Amino acid sequence: MSKSYFDETHCAIGHPKSTFMQWMLTIDHKRIGIMYAAVMFTFFFVAVFTALAMRIELFAPGGQYMDGDTFNQAFTLHGVIMIFLFIIPGIPAVFGNIVMPLMIGAKDVSFPRLNWFTFWLYIAGCCIALASLFIGEGVADTGWTFYAPYSLNTGTNVIMALVAAFVLGMASILTGLNFLVTIHRLRAPGMTFFKMPLFVWGIYATAWIQLLATPVVGITLILAIMEKYFGIGIFDPAKGGDPVLFQHLFWIYSHPAVYLMILPAFGIMSEIIPTFSRKEIFGYRTIALSSASIAGIGYLVWGHHLYTSGMSDIAKTVFSFLTFFVAIPTGVKFYDWVATMYKGKIVLSTPMIWALGTIITFAIGGITGITITMIGLDIHLQDTYYTVAHFHYAILGGVVFLMFAGMHYWFPLVTGKMYNETKAKIAFYLQFVGFNLLWFPMFIAGYYGMPRRYFDYLPEFEIYHQISFFGALIFIAGLIYMFWVFFKGWTKGEAATPNPWNATTLEWHLPTSPPPLENHSKVPYVDFDPYEYHQGEPVVKFNYETMQRID
Amino acid sequence: MGTKIVNYQEEKKVYYKVLVGLLLLTAVTFIQPHMFMTHSTFLAQMVIAVIKAWLIVIYYMHLKGEKLITAMVWFAMALVAVFFIIVIGIDVSNFQYGADSYITSAPTAN
Amino acid sequence: MSHEYIPEIATERNGTEHEVQGWQDDFYGGKLGFWLFMLTEVMMFGAMFLALAYYNTLHQQDFLDASASLNRLLGGTNTVILLVSALTMGLGLLKMRAGDVKGAKLMIWATIILAAIFLVIKGFEWSAEYHHGIFLMHDQLLADSPLPFGQKLFFGMYFTMTGLHGFHIIIGIGLMLWLLKRINAGKVSQDHHILYWNIALYWDIVHLIWVFVFPYYYMIGAGGATGGH
């Protein structure tokens, strides 16, 4: 049997003999992606259980298990981990690393050693964030947004959290830089930009956001640190600073950051839908260009987080106007996906039902976003559970669901094994039902005025919190079950063929499963579109030894 | 590699010419407040800075003829410009609370 | 491993052969990557200038008064020093590309010396300001001093931004020393000069930042206290 990337690897320094050191020093993009996934999902579960603890506290009105300060720290911890440690590296760090070079027929990313360094920078950021839990007065209690001036005056470890966010931001920048150069330089001969798979387009658009938006928040965090230690007063009104400026700078990054999360997720959707509809994707160019235009427009809309912060009225109007435009390219994508399925030979495998479920949840998340784009309505709904529910429908029900879809889709590619499809589907339905039970009541509670980030509430909101709690239990049960199914699949599952889904893109044309160290046996010449199906069968076939087309 | 053949004397001349240009422009920044556009020093200084930056980027950083990188640089510059237009031009220059706000009319401020 | 890399060939169906670009030995890729890194520097300093312009809009007169009190002679000297150092850096790269390793090394040393002089002058400037009571956490910049908010913010940003710029200069000196080591080890040569190329680019962006920092801090108030408004 031939060797896979689990058996041999290139290292950043020397040629260590021990398997452990080979993993620590590896510059292979596939191994680095797996290590990212392992670390990220560890933190993901920490944040999930922090959230569950908050749900338990909120089961009944009044304080039972946590006091207000602990609750503040709990939601900050949940936010910081979920945003900075989990979802911002997110899909690019895992699937961008593992799959993107395979999709464009490259041997690795452009700067493999930088990729290795970036991973360890990410780990360093995680360690700093973790250390802030145990030092001094514990983790920050400001919420993940670190709004000034409170963040500059609280005694908790805000500065450490800021440093962690800065280091993680650096890692994010370097990942984006690496991917941009990779996509520009290492595409297989013949693969023009409009012959790239749509996931690569998603990663490309994302990388631009990572590269150009992240430095802004980096410098904001540095200014906050300067303020804390050198008393400059940039954001503290007592010293002449304007907190609105902090919010401007923070959201200049953090709003594009949500597109940074969703664009690669849309890319995964655009891979899964044509593969399991056995049909060429509808409107390839519109999907590709809508990714680019979401990234572009996404830079111009940050101000809708500041409607109640004291911006000038004219700025509010401009931002509200601009924000509506983001919905257009997103809508284009949705119509394209649905049109792709029309008259297709739809195969309801697990990745496909995850994608279909996401169409529902993300549509709810997206459309509720449009309502709070309107200034008048937003004044009513700002900082209520409505906004919380909108955000979680978009990010958990959009990004994370599609990430799970991608995990089911690429699982046989990465591990060379197959999970149990029936059990994986049960896990999906558990999570889908649990998710909607968990978050939908919050729209109603928020509309009636339940504010976010409170550990106590009026008795009339009790019913919504209790439904949410049971939803959370079902959701977490489904989540754990899903990872159990993955674990069983990896250890005991049957071996998968290189192309179990009848997919067309290059990552499924590898000689073995799991792939060998340097990917394709030879770099193919790409003279075909990414999703060519004829009567439900892939058009392009390769001889996997010579990578010559044989169709 | 495309950069292997070097016309040393030719390129050296370019470097010195640009140096002279930059030195002249630096001298202009110093005499400008007393010579011309004295009613908009800020604007004049920024215009000179942009010309200097342009010289450096084109000749010292060899951006001439680099289509892809030039497009990327323009994209980043456009973003910064948009941030300025929105935050400075639309928001803070229409600051509505000048008379009431502590940060603009605190007892110690002018 | 990059030196013995042999490019692969991808073959079209009609037999046409195409050379495949690998990640090894990719001069243009290295250059592109470094330009992208420099764009992050642009965004970083862009955001700082945004904060500066924000307070400039709120406190125009204070900014002009504060700017007028900075030492334009030292600032101008530093501008010229950086200008000449950009030339020595560029000429060094040119010499390396023409095969004159010794001349290149000499030019790098010249750049390092100029950078050090820049830092020394900066140090004199800061200490003079300290003696006038203007420094971070000191005298007039303390929260309870009567200096107007606008001036405090101006000086606060001044120390932050020139400090960050000075930090870039220090990093640059470190990079140049490392470059000398690599040249001595034979890792950077006429044919493999991407490291040199990128460090030269880095030095230019450091210069470029100063091109904007200098007028915004030193020159806007140079036209007398009214600044023309």
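Modeller: Happy to; I will begin with the ground rules, go on to the helix pair, and end with the chain and its neighbours.

This is a predicted model, in which local features need pLDDT of at least 70 and side-chain atom pairs count only at pLDDT 80 or more, while totals for chains, interfaces and linings use all residues. Residues are numbered from 1 along each chain as its sequence is written, and chains are lettered from A and ligands numbered from 1 in the order in which they are written.

The pair is H6(A), residues 112-134, and H8(A), residues 158-185. Helices here are DSSP runs of H or I with at least four residues, strands are runs of E with at least two, and both are numbered from the N terminus. The axes of H6(A) and H8(A) come within 8 Å and cross at roughly 165°; axes are lines fitted to C-alpha atoms, for helices over the stretch in contact, and angles run from 0 to 180 degrees between N-to-C directions. That crossing makes H6(A) roughly antiparallel to H8(A), a term for angles over 145 degrees. Residues of H6(A) that make the contact include A:Leu114, A:Leu121, A:Gly125 and A:Ile128, and H8(A) contributes, among them, A:Met160, A:Val167, A:Ala171 and A:Asn178. Contact means that the C-beta atoms of two residues, placed from the backbone, lie within 7 Å. By class, the contact of H6(A) with H8(A) has 16 nonpolar, 6 polar and no charged residues. Ala, Val, Leu, Ile, Met, Phe, Trp, Tyr, Cys and Pro count as nonpolar, Asp, Glu, Lys and Arg as charged, and the others, Gly among them, as polar.

H8(A) also has a part in the side of chain A that touches chain C, as one of the elements that give two or more residues to that side. In that interface, 40 residues of chain A are in contact with 33 residues of chain C. H9(A) gives the most to the chain A side, with 10 residues, and by class this side has 25 nonpolar, 8 polar and 7 charged residues.

Stepping back, chain A has 17 helices and 4 strands. Its radius of gyration, taken over C-alpha atoms, is 23 Å, close to the 24 Å that the globule rule gives for 551 residues, so chain A is as compact as a globular protein of that length; the rule is 2.2 Å times the number of residues to the power 0.38.

Terms used. Angles under 35 degrees count as roughly parallel, over 145 as roughly antiparallel, 65 to 115 as roughly perpendicular and the rest as oblique.
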